Amino acid sequence: MSDPVFLLAIESSCDETSAAVMRNDQVLSNIIATQKVHEKFGGVVPELASRAHQQHIVPVVQQALFEAEIETHQLSAIAYTQGPGLMGALLVGASFAKSMALALNVPLLPVHHMRAHIMAHFIRSNQDEEVPEFPFMCLTVSGGHTQLVLVHSPLDMQVVGETIDDAAGEALDKAAKVMGLPYPGGPHVDRLSNDGDPHKYTFTTPQIAGFNYSFSGLKTNLLYFLREKNTHDSNFIQRELNHICASYQHVVTDYLIAKLEAAAQHFNVKQLALAGGVSANSALRAKLAALCARKGWQAFVPPMSYCTDNAAMIGISGYYQFKQGHSGSWYDVPRASWPLDRAL
Ligand code: KG4
Ligand code: ZN
């Protein structure tokens, strides 16, 4: 047996400062400091995110090492999110990772954030745990991205479809905002939908050819619907909140799953996965399970703790890059936008 690889991983692309310590593909610690400062603005304020990352990064890394019971001299490499994300936020994690790697004289592993969401499926709590087999189709749905990714291997991923405007998470967050719900709204829409009728109101499913998505029309559809109702009945949103959330979430999730099914069929893959923050959504998870049961396909959904942003997913990606000798250099700079299939 070869010696275990201990990695420190850092995630700072948006509004979560996170550090994890990995022992090969197992997570020893995964500390997440969520930034509350953005709530009152109804969205992430980039400058405030950078400042909060600066405040959190040292204690979060210290806590991750402490919980993992790992000393810095045991680390084999340091993985960090190189992009995509907010430039100021990324700079905090990248600069910290570079300084620490330089001090410890270990390699750097620059990781693509959306690939990392997909790679979260390969974190194992025990060696018997089933992970997807290659190739599989992954629907990656977060606050900034919505993509159908054909995953050929840990380092070879192909985008076969993506949103041409808003991301699915954005469609849920913006809908929540117009209904007066706190940011981020996705989890609130999910929770409120549990007590609502998904068929009470009808919203128009967007029509886009192929495997691409569009969400901007759906969001406008909801906005006009609410405006119209509100002119006759100012209590409408408050009274019907559960039903509106359930009906809107129903269209969003049906639409996501329909294209995932079509892409799986087209590329002849029988293993389907979800990744990214919106994969925490209960309706989406249930619909994926139902689709796979109907088709005799296999569904993979990451544990809740690895759905939204976390450093363990950066760690597992870094681990596979490390194994294949894909380390970075001091000259790597954060990349605010970075296509997933041009990451390595
Ligand atoms: O991956 P993530 O944590 O950050 C980005 O990389 O964007 O995803 C955040 C997104 C937000 O839009 C949030 O509303 C959504 O994930 N989200 C959910 C749920 N939990 C988080 N959307 C629907 N249902 C949920 N349970
Ligand atoms: Zn994310």
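On a 1 Å grid over the protein atoms alone, a cavity is a set of points where a 1.4 Å probe fits but cannot get out, whereas a pocket is an open set with protein on both sides within 12 Å along at least five of seven lines; lining residues have an atom within 4 Å of a point. Grid points are joined across faces, edges and corners, and a volume is the space filled by probe spheres set on the points. The model is predicted, so to speak plainly of its limits: local features need pLDDT of at least 70 and side-chain atom pairs count only at pLDDT 80 or more, while totals for chains, interfaces and linings use all residues. Residues are numbered from 1 along each chain as its sequence is written, chains are lettered from A and ligands numbered from 1 in the order in which they are written, and side-chain values use heavy atoms, with hydrogens and water left out.

Turning to the open spaces, the largest pocket holds about 1,200 Å³ and is lined by 45 residues, of which Asp 15, Gly 143, Asp 173, Tyr 183 and Pro 184 lie nearest its centre. Helix 4 contributes the most to this lining, 7 residues (helices are DSSP runs of H or I, at least four residues, numbered from the N terminus). The lining divides into 16 nonpolar, 19 polar and 10 charged residues.

Ligand 1 sits in the largest pocket, meaning that more than half of its atoms lie within 2 Å of the pocket's grid points. Around ligand 1 are 18 residues, the closest being His 117, Gly 143, Asp 173, Asp 190 and Gly 277 (near: a heavy atom within 4 Å). Taken alone, ligand 1 exposes 550 Å², 88% of which the protein buries (Shrake-Rupley method, 1.4 Å probe).

Definitions and conventions:
Helix = DSSP H or I, 4+ residues; strand = E, 2+ residues; numbered from the N terminus. Nonpolar A, V, L, I, M, F, W, Y, C, P; charged D, E, K, R; others polar.
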